[in-house]
Amino acid sequence: MLTLGLHSLGHDTGVSLWDRGELLFAMETERLTRVRYESRVEAAIEALRENSEFDPACVGRIVSSSPFHRGIIDVPDADVAELALTKERQHHHNTFSHMFGRKIPCTIVSHEVSHAVLALQEAGWRDRTLVLVNEGRGVFSRNALYFYSNDHLELLNWNLLSWFATGFGWSSIGYLVGLGKSPGVAGKAMALGGFQEPGNREREALIQVRPEIAQLGDDDRVHEGHKLIQRLGSLQDFDAKCRLVSALQSLFVEEIVHKICSAARQNSAQAVALSGGCGLNIVANSALREALQVPLFVPAACNDSGQALGAAIYAQAFIDGVKPKPSSMYAIGAPITSDGAQAYLDRKGFDSTEATPKRVARLLAEGKVIALAQGRSEIGPRALGNRSILADPNAQDIKVRVSERLKGRESFRPLAPIMRDETFARVLPGNLPSPAMLFNFNVKGLGFGDAAHVDDTARIQTVSSTSNPFVHALLAEFEGLSPSPALINTSLNSGGRPICLTEQHVFDDFPAGTVDAYVLGDRLVLAQQGL
């Protein structure tokens, strides 16, 4: 029996397809439409129809996270389902759907629960796991605390965090400092905190904002924002904006560490897991991991891109009694294969050679910038070595070239490094690996160059010989040619676009003259041939 998972309404929509706990196919809609935070899930459903492993007649259950697109899910009791999940805070609601011209059993899963279960999957279904779901807005909360024990998931509390310790706080402050209203504004704002120390005046001003602001509408939020600016005097100055963001970050970290450590002790938790968009806050993740006495887990797709996965995992585990198997971080779409890449390059008339680790490492050591696309794409918002731009972090002016000119990113946003597990253990001994780039490390004086942030920290990704064999071998070769312990690894997309999925996307985003070389599958193409 196939289980179809859907996230059909809101930003970062997508689909997932499972067979008795095994993930067969996943697609984030934005990878197809090339529109960031895409809501039109129809494109992902069409890609699913074209997948060879999909047969609508074999779909035994449709599972959707909430809120859901009524025109697509097509259930007869939509109002009842929404009421059960939002007002009664039920984990799920069973009904049926008329998708694919059939009447199919359908389960609607709470938005918060979909996040929580994806985190449980990351934690390996450890008994007595405490799960914090923290985001901008769910269906009944901005944050919710769950506890998993004896195969039972219990909602312990909700809206337990102050407004400044939520995704709502980050999006509000991001808007206040002029970064806009998009779902990505929080991530941009977080980067500003590294430029200044938090000031007491800014902290006090944030604390004085009414706690109930988190329950109010946009007009009230703007009003509170104006009052905050008046207390601080002005936010036109870059340093003033950075002090405010740094103050928010310090309050955010302090409250989460205090409340989650307390909850973990009170419930005798054996593990803690985080999900929701705030799971992408690497400063808080790192502080919490250090403070806890038990392991901490964060899934790579902790933001809404993981909703289609989490909803389907919940239905299989808690309704069908099948705990899904661990799946690779590289699971989006069809893979870029050697044969497929060669066929594409032949059609375009591009010459290529074999992309051996030694050959690619030599180019990087010469200061070249390389676009890499291999295998399936990464799940979630991070570039994890299958759709990446790679460069030597100590090459001259490399941050300006890669971040500002090539990707059109704001100058204050940091780049991230990727390094081998073995090198990480040698350079930063005693630290746990970071395979999904979700933790922060102090790298002052360690040769990270422009892969370090202004505050001498770095969001490191660690890779093993099994998790990403090509990148691991490439890094080993590069280390023999350069004093840099890591490479810059940033997502393979141009300004304002999602991560590239196909070979064509790579050349659409990065025509000749932008990068120096392309690695597609196991083929190396030099840009100097005049593409």
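Reader: Is the crossing of H8 and H9 left-handed or right-handed?

Author: The model is predicted, so local features need pLDDT of at least 70 and side-chain atom pairs count only at pLDDT 80 or more, while totals for chains, interfaces and linings use all residues. Residues are numbered from 1 along each chain as its sequence is written, and side-chain values use heavy atoms, with hydrogens and water left out. A crossing is left-handed if the near helix is turned anticlockwise from the far one by less than a right angle, and right-handed if clockwise. For H8 and H9 the crossing is right-handed.

Reader: How do H8 and H9 run relative to each other: roughly parallel or roughly antiparallel?

Author: Helices are DSSP runs (H or I, at least four residues), strands too (E, at least two), numbered from the N terminus. The axes of H8 (residues 200-208) and H9 (residues 218-232) come within 10 Å and cross at roughly 150 degrees; axes are lines fitted to C-alpha atoms, for helices over the stretch in contact, with angles from 0 to 180 degrees between N-to-C directions. Under 35 degrees counts as roughly parallel, over 145 as roughly antiparallel, 65 to 115 as roughly perpendicular, the rest as oblique. The two helices are therefore roughly antiparallel.

Reader: Which residues of H9 make the contact with H8?

Author: Contact means heavy atoms within 4.5 Å. H8 brings Arg-201, Glu-202, Ala-205, Leu-206 and Gln-208. From H9 come Leu-228, Arg-231 and Leu-232.

Reader: What is the bridge partner of Ala-371 in S16?

Author: S14 (residues 370-373) and S16 (residues 387-391) pair in the antiparallel sense over four bridges. In S16, the partner of Ala-371 is Ile-389.

Reader: Which residues does a cis peptide bond join?

Author: Most peptide bonds are trans. Here omega is about -5 degrees. Pro-67 is found in the loop between S4 (59-65) and H3 (70-73). The cis bond joins Ser-66 and Pro-67.

Notes. Pairing = 2+ DSSP bridges.
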